2 protein chains.
Amino acid sequence: MRDQILDEATELFARQGYDGTSLNDIAAGVGIKRPSLLHHFPSKDALYGEVFEKMLSEWLERVEDAIASPGSGWERFSAVLTSGFDLFVDNPAYVRLMRREALEGGDRLGIDLVGVVTPLFDAAVDWLEGEMAAGRFRAIDARHVLITAYASLLGYVSDAPFINGLINDDALAPAALAARRSHVLDLFHRALAPESGTSAGSLTSLGS
Amino acid sequence: MRDQILDEATELFARQGYDGTSLNDIAAGVGIKRPSLLHHFPSKDALYGEVFEKMLSEWLERVEDAIASPGSGWERFSAVLTSGFDLFVDNPAYVRLMRREALEGGDRLGIDLVGVVTPLFDAAVDWLEGEMAAGRFRAIDARHVLITAYASLLGYVSDAPFINGLINDDALAPAALAARRSHVLDLFHRALAPESGTSAGSLTSLGS
DNA sequence: GTCTATATTGGGATAGAC
DNA sequence: GTCTATCCCAATATAGAC
């Protein structure tokens with residue numbers, strides 16, 4: 001029951017936001033009444049907190065798997081980018097929850113979203129700069145590359161309801177997702193390719 | 001007074017969302033009580049509707065100015081991109097309001113956000129594809145290019161509170177904004193550059 | 001674990017005085 | 001135009017029966 005409640009709450013908080021979701025909505029979604037729900041969680045805040053912590057821990061687990069992948073240069077960058085995109089696509093509710101938190105600065109209810117993400121971000125920056133120094137990537141602002149990657153992939157999923165209208169198609173359908181993935185990979189492939197003439201660090205082909 | 005209320009409402013709806021903002025908050029922000037506010041606007045929905053329509057009309061005006069700019073190829077693309085970014089930066093509250101609407105699909109309160117944006121989007125797609133056919137841009141999925149540009153620029157501004165924490169700096173400070181602009185321009189400059197060897201359509205330098 | 005009943009708060013909206 | 005007073009309703013939360 002606890003897990004059912006957590007799942008329903010995740011879905012509704014993601015779709016309607018914290019203030020737009022009542023405990024009645026969540027309780028009704030799992031077929032119980034509000035007081036029964038409050039038997040499992042002491043308050044709405046506490047429920048939201050658990051939803052968010054569960055999301056963070058599941059994501060961190062997958063991210064750590066992804067960055068543990070071997071390789072260097074473009075091979076590794078594209079693998080991590082693909083894993084990140086798959087992570088988003090597999091959890092659209094999480095993506096929208098995350099987007100809502102980012103909009104509010106990520107310090108809701110004492111959850112330090114920035115504190116959790118910053119170490120990963122800094123490690124990625126260090127790695128990128130190391131690859132640039134080794135000549136495998138062109139010299140380019142690593143922080144902005146990562147922010148662009150984050151925005152391009154997360155934004156596509158979080159705003160899918162809106163993008164559906166723009167492209168007059170289901171943005172989260174398999175074919176559309178594949179197109180998106182290869183587009184973003186192609187973009188960064190070009191952005192990171194060393195200037196032509198540099199022999200040591202030419203990038204391999206796109207792969208997928 | 002009406003304008004004061006609209007400004008305050010824009011700011012609070014952008015920061016806290018529709019459900020997270022009470023008429024008390026807005027009224028207090030302009031120094032009156034709730035019933036006085038309801039003398040100017042018949043309901044909360046109506047107030048939000050006016051906020052949103054005002055935003056749309058101001059944006060459309062500036063966008064139409066921007067796309068009226070002359071030139072072709074990279075010269076025009078970069079000019080429009082820069083104008084779009086400036087538009088976002090000048091109106092961070094609008095950006096966050098827009099992002100919230102996109103999250104919910106853009107069909108709140110009968111406002112057809114998709115219907116307003118689609119013609120502009122389609123026109124931009126047509127133009128890009130024409131430039132590709134003319135050899136001034138590389139052949140690349142025009143829709144995805146535009147979605148990436150939208151996400152890269154809008155996401156940077158809408159998630160500024162979060163990005164502040166990541167880069168440990170003010171993401172909306174002039175220097176950071178200049179860095180962001182040149183990064184994104186550089187990215188698209190490379191993405192759109194025709195394959196080397198094509199003589200007719202080489203891109204000019206970055207400009208700014 | 002789930003429920004009914006209830007306390008309490010806060011928000012949207014209206015009536016009517018000034 | 002602004003206010004006080006009031007109505008109505010929805011929401012969080014608690015008490016206590018089963």
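Let me begin with chain B, where the axes of helix H4 (residues 44-67) and helix H6 (residues 92-103) come within 11 Å and cross at roughly 110°. Axes here are lines fitted to C-alpha atoms, for helices over the stretch in contact, and angles run from 0 to 180 degrees between N-to-C directions. Helices are DSSP runs of H or I with at least four residues, strands are runs of E with at least two, and both are numbered from the N terminus.

A word on the source. This is a predicted model, in which local features need pLDDT of at least 70 and side-chain atom pairs count only at pLDDT 80 or more, while totals for chains, interfaces and linings use all residues. Residues are numbered from 1 along each chain as its sequence is written, chains are lettered from A and ligands numbered from 1 in the order in which they are written, and side-chain values use heavy atoms, with hydrogens and water left out.

Back to the first pair. At that angle H4(B) and H6(B) are therefore roughly perpendicular to each other; the classes are under 35 degrees for roughly parallel, over 145 for roughly antiparallel, 65 to 115 for roughly perpendicular, and oblique for the rest. The crossing of H4(B) and H6(B) is left-handed, a term used if the near helix is turned anticlockwise from the far one by less than a right angle, with right-handed used if clockwise. On the H4(B) side, the residues in contact are Tyr48(B), Val51(B), Phe52(B), Lys54(B), Met55(B), Glu58(B) and Trp59(B). They meet Tyr94(B), Val95(B), Leu97(B), Met98(B) and Glu101(B) in H6(B). Contact means heavy atoms within 4.5 Å. By class, this contact has nine nonpolar, no polar and three charged residues. Nonpolar covers Ala, Val, Leu, Ile, Met, Phe, Trp, Tyr, Cys and Pro; charged covers Asp, Glu, Lys and Arg; the others, Gly among them, count as polar.

Next, H10 of chain B. Helix H5 (residues 73-90) of chain B and helix H10 (residues 174-192) of chain B have axes that come within 11 Å and cross at roughly 150°. H5(B) and H10(B) are therefore roughly antiparallel to each other, and H5(B) passes H10(B) in a right-handed crossing. From H5(B), the contact residues include Trp74(B), Phe77(B), Leu81(B) and Phe85(B). Among their counterparts in H10(B) are Leu177(B), Arg180(B), Val184(B) and Phe188(B). The whole contact divides into ten nonpolar, three polar and three charged residues.

H10(B) also packs with helix H8 (residues 142-158) of chain B, at an angle of about 170° and with the axes 11 Å apart. That makes H8(B) roughly antiparallel to H10(B). H8(B) contributes Val145(B), Thr148(B), Ala149(B), Ser152(B), Leu153(B) and Tyr156(B), and H10(B) contributes Ala176(B), Leu177(B), Arg180(B), Val184(B), Phe188(B) and Leu192(B). This contact has nine nonpolar residues, two polar and one charged.

How many residues surround DNA strand C? The count is 16, and the closest are Lys33(A), Ser36(A), His40(A), Leu23(B) and Lys44(B). A residue is near a strand if one of its heavy atoms lies within 4 Å of it. Of the atoms of DNA strand C within 4 Å of the protein, 52% belong to sugar or phosphate and the rest to bases.

As for polar contacts with DNA strand C, meaning pairs of N or O atoms within 3.5 Å, a polar backbone atom of Lys33(A) is 2.8 Å from a phosphate oxygen. A side-chain N or O atom of Lys44(B) is 2.9 Å from a phosphate oxygen. Arg34(B) has a polar side-chain atom 3.0 Å from a base nitrogen.

Phosphate oxygens of DNA strand D lie 3.1 Å from a backbone N or O atom of Leu23(A), 2.7 Å from a side-chain N or O atom of Ser36(B) and 2.6 Å from one of His40(B). H3(B) gives the most to this surface, with four residues.

Last, chain A: it has ten helices and zero strands, and its C-alpha trace spans about 70 × 40 × 25 Å along its principal axes.

Definitions and conventions
A polar contact is a pair of N or O atoms within 3.5 Å; within protein, one must be able to donate a hydrogen and the other to accept it, and residues adjacent in sequence count only if both atoms are side-chain atoms.
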